[in-house]
Amino acid sequence: MDRRIQKTRESIFSAFSSLLAHKRYSKITVQEIIDEANIGRSTFYSHFETKDDLLKALCSDIFNHVFSEDLISESTHDFSSSNNDLEAKITHILYHLKDSKRDMKGILTRESGELFLRVFKKYLEQLFNEFMSNESVDGIPKEYVVNHMAGGFVETVKWWIQNDMAQSPEELTRYFFILHRL
């Protein structure tokens, strides 16, 4: 992606996240996003057709990095030498959510949270599906187990954020896997 386009998208995402931290999603206008990002209306609409499209793109942008196949060294964590197992991937996701604590609280405490969590759950289902064998677990269909684990992790993240992310990502991962052994 062209650097100017990337910079503009980042400015729009940042402005939108900032507004979400202080205002209900339904009350945010495109004009407020434009003003906060310091861009023109046509620039906004050349990137996003609607505010909903912006929210979906923000979610996808976050998740495409967080759920990347290879874990790399980052400023707050380094899983690059891990064996890319499911626990490392889950802990990596939690670090990103913690690094984006302000944005996550803004997104999840507003009505935008429902869309965010729906997209998050779909990504989680793909992740859990990759790490499970194609067979049922104790006679339980794989699809049910994947749905249950993804839903359980979404609820775990909601609980964690509501409790101000008091536990470390490693500790929360341990909690989750004690209750959800594959």
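This is a predicted model: local features need pLDDT of at least 70, side-chain atom pairs count only at pLDDT 80 or more; totals for chains, interfaces and linings use all residues.

Visitor: Which residue just after α2 takes a positive phi?

Guide: Just after α2, a phi of about 60 degrees turns up, and that is a positive value in a residue other than glycine. Helices here are DSSP runs of H or I with at least four residues, and strands are runs of E with at least two, numbered from the N terminus. The residue is in the loop between α2 and α3 (41-47), and its name is asparagine 38.

Visitor: What side-chain pLDDT cut-off applies to atom pairs in this model?

Guide: Residues are numbered from 1 along each chain as its sequence is written, and side-chain values use heavy atoms, with hydrogens and water left out.

Visitor: Is asparagine 38 buried or exposed?

Guide: Buried means under 20% relative accessible area, exposed over 50%, and partly exposed in between, using a 1.4 Å probe and protein chains only. Asparagine 38 has 69% relative accessibility, so asparagine 38 counts as exposed.

Visitor: Which other non-glycine residue has a positive phi, of about 60 degrees?

Guide: Look in the loop between α8 (142-162) and α9. The phi of about 60 degrees belongs to aspartate 164.

Visitor: Within what arc do the buried residues of α2 fall?

Guide: In helix α2 (residues 30-37), Val30, Ile33, Ile34 and Ala37 are buried. Take the directions from the helix axis to the C-beta atoms. Seen down that axis, the buried residues line one face of the helix because they fall within an arc of 100 degrees.

Visitor: How many aromatic pairs are there?

Guide: Rings of Phe, Tyr and Trp (its six-membered ring) pair if their centres lie within 6.5 Å; planes under 30 degrees apart count as stacked, over 60 as edge-to-face and the rest as tilted. By this rule, the number of aromatic pairs is eight.

Visitor: What is the angle between the planes of phenylalanine 44 and tyrosine 45?

Guide: Phenylalanine 44 is buried, at 0% relative accessible area, whereas tyrosine 45 is partly exposed at 36%. Their pair is edge-to-face, with 5.2 Å centre to centre and a plane angle of 90 degrees.

Visitor: How many residues apart in sequence are the parts tied together by phenylalanine 128 and phenylalanine 176?

Guide: These two rings are stacked, at 6.0 Å centre to centre and 25 degrees between the planes. Phenylalanine 128 lies in helix α7 (residues 112-131) and phenylalanine 176 in helix α9 (residues 169-179), so the sequence separation of the parts they tie together is 48 residues.

Visitor: Which residues do ring pairs link into a cluster?

Guide: Start from phenylalanine 128 and phenylalanine 176, both buried. Ring pairs link them into a cluster made up of Phe120, Phe128, Phe153, Phe176 and Phe177.

Visitor: Which lysine lies over the face of tyrosine 25?

Guide: A charge sits over a ring if NZ of Lys or CZ of Arg is within 6 Å of the ring centre and within 35 degrees of the ring normal. At 4.4 Å from the ring centre of tyrosine 25 we find lysine 51.

Visitor: Which residues does threonine 173 contact, leaving aside neighbours within four places in sequence?

Guide: Threonine 173 sits in helix α9 and counts as buried at 3% relative accessibility. With contact meaning heavy atoms within 4.5 Å, its partners are Glu87, Ile90, Thr91 and Leu94.

Visitor: And what does leucine 172 touch, not counting residues up to four places away in sequence?

Guide: Leucine 172 is also in helix α9, and is buried at 1% relative accessibility. The residues leucine 172 touches are Leu94, Thr156, Trp159, Trp160 and Gln167.

Visitor: What share of the residues is buried?

Guide: The protein has nine helices and zero strands. Of its 182 residues, the buried share is 43%.
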